Amino acid sequence: MAFKLAQLLVIACAALFLSEHVALAVPKRSASAPRRKRTSSTPTCFAPAVKLPPPKAADVKSAIAAADEYLIGLSHAPDVDSVVAAVVTPDGSIYEGTYGLLRANETDPASQGTVDRDSVYRIASVTKVFTAWEAYILRDRGVLGWDDKVKKYLPTFKLETTIRHVTGQSRASAGTAEASHFSFFFPFPFNVAADGATNGYAALAKRDIFTPLDMTSSSFTTNPALKSKTVVASVASCEADYDFLNAMNGAGGQMSSLADLVKSQQILLDPSRKGSNISPYTVREWMRPLYSFADDFYEVGHVWEIVKRKDSFGRTYRIYEKNGALGGFHTVYALNPDSGYGVIALTSGSHFDAHNIAWDLFDILQTSVDAYRATTLKNTYSGTYLTADKSNKVFISVRNGNLYADQFVLENEDFQGPVALWPVAEDGLTFRLSFGIPGFTPPNYGCILDTIGFDPGYSRGKAIGLVQFAVEGGKKVLYVPSIGAKLSWVS
């Protein structure tokens, strides 16, 4: 090569950084510029989580036992009539617990029954997850646009408000304490002849979500065929029969079973799976913060209430949840996309705090899921990779839940690891090495330098730091496209 790869890396990174971040000037003397004394609180930079095969029940066996013990204890609380909960991965439930009374309003024990995964609950504001889902489906079909005026669909509506605003997506509405609940509390324009449907939101939800996802227990009024499975609380018992009507169905009128909600959560955790009715691109757009509050803990998204937590390695992850509350039903639908699993909990009775049921279950599960992920990373990627002539050598290790190239030698040139590997595709096989700026490691940068160092240069039309894992003939291999090399795993 005309330039050695290592030289190209240093030159390109420095040029990129200087062009974007430094005002160049001719120094008057050679003395170093004075630096202000400061306290550094630079956070550790973690690469984004790698998409991995989801854990099976056996992989987190002890955590599942603890979750079941927790749920049994909760079911004995005097304000809990029943609780059903699931821990969900893209492959389905790895845990389900169902405890308590089906009809707690009955005084005769013989008539009370017990709940199971097919028992039908009012899910209250968890409904909004599915209303947002429907809106994205219609947007992707070109039926509506986020910046359409509401009055386009409701001519009697006089304000110049857009759909983006009333669904809580604008910064103006997101930056308020009521933002996440404001979303879709408005009678959304599904009651017009949109996309060939003329019977309101319930008809759209059935056509576009319930039927495609085989959510056979979901509806907006009590299904006579499922009356024997419908949960009735000991308080506000009339809610089981309540009709929210079209204006409020999208805000809180949905009835669903744990079995149905598990099917939906499988799709949101992996929208590329067979049977999905929403694209991975749309889910990435939907599941993101729109506003962060000053507590560095709570954020809101498009109907999501988002809380930030730390995993076993100190990495920040977000729980995207929606909570629902009526007089006799309290529900939570929560996902941890980085770790690839979610939690659903439905309760009847006066127990109000569904949010902390999800919190406690994530507490119980996360350490075991972290351990499973670290082991899977090690088994899938770690080791020494060499070309036949040994001029190219890459050593991959796992630390703190992250992948690192501790050695990255291309054509006998050592790039001086460790260098973090950042996933850049949904396949879990394609990564970019985050070189940063060699020799420049000041405080107060966090991930800034890691992201700047992604594109240090190109060879053969490929980024120098691009690597791709594969399995060929039952053995691990590593491709480095910038030098046209295939390295084989040796140990």
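**Figure 1. The largest pocket of the predicted model holds about 1200 Å³ of space.** Here a pocket is an open set of points on a 1 Å grid over the protein atoms alone, where a 1.4 Å probe fits, with protein on both sides within 12 Å along at least five of seven lines. The volume is the space filled by probe spheres set on the points, which are joined across faces, edges and corners. This is a predicted model in which local features need pLDDT of at least 70 and side-chain atom pairs count only at pLDDT 80 or more, while totals for chains, interfaces and linings use all residues. Residues are numbered from 1 along each chain as its sequence is written, and side-chain values use heavy atoms, with hydrogens and water left out.

**Figure 2. The lining of the largest pocket comprises 45 residues.** Lining residues have an atom within 4 Å of a point. Pro48, Ala49, Pro337, Asp338 and Ser339 lie nearest the centre of the pocket. Two or more lining residues come from each of α10, α11, β8 (316–325), α12 (354–381) and β15 (419–423); helices (H or I, at least four residues) and strands (E, at least two) are DSSP runs numbered from the N terminus. The largest share, 4 residues, belongs to β8. By type, the lining has 28 nonpolar residues (Ala, Val, Leu, Ile, Met, Phe, Trp, Tyr, Cys and Pro), 11 charged (Asp, Glu, Lys and Arg) and 6 polar (the others, Gly among them).

**Figure 3. The largest nonpolar core has 52 residues.** Such a core is a set of buried Ala, Val, Leu, Ile, Met, Phe, Trp, Tyr and Cys residues joined through side-chain atoms within 4.5 Å, buried being under 20% relative accessible area, exposed over 50% and partly exposed in between (1.4 Å probe, protein chains only). Phe130, Trp133, Leu268, Trp286, Trp304 and Tyr333 have the most contacts inside this core. The elements giving two or more residues to this core include α4 (127–140), α10 (258–269) and β9 (329–336). With 8 residues, α4 gives the most.

**Figure 4. Phenylalanine 130 is shown with its contacts (heavy atoms within 4.5 Å).** Neighbours within four places in sequence aside, Phe130 touches Ile123, Tyr201, Ile209, Met215, Gln254, Leu261, Ser264 and Tyr333.

**Figure 5. Aspartate 214 has a positive phi of about 60° although it is not a glycine.** Most residues other than glycine have a negative phi. Aspartate 214 lies in the loop between α8 and α9 (245–252) and is partly exposed, with a relative accessible area of 43%.
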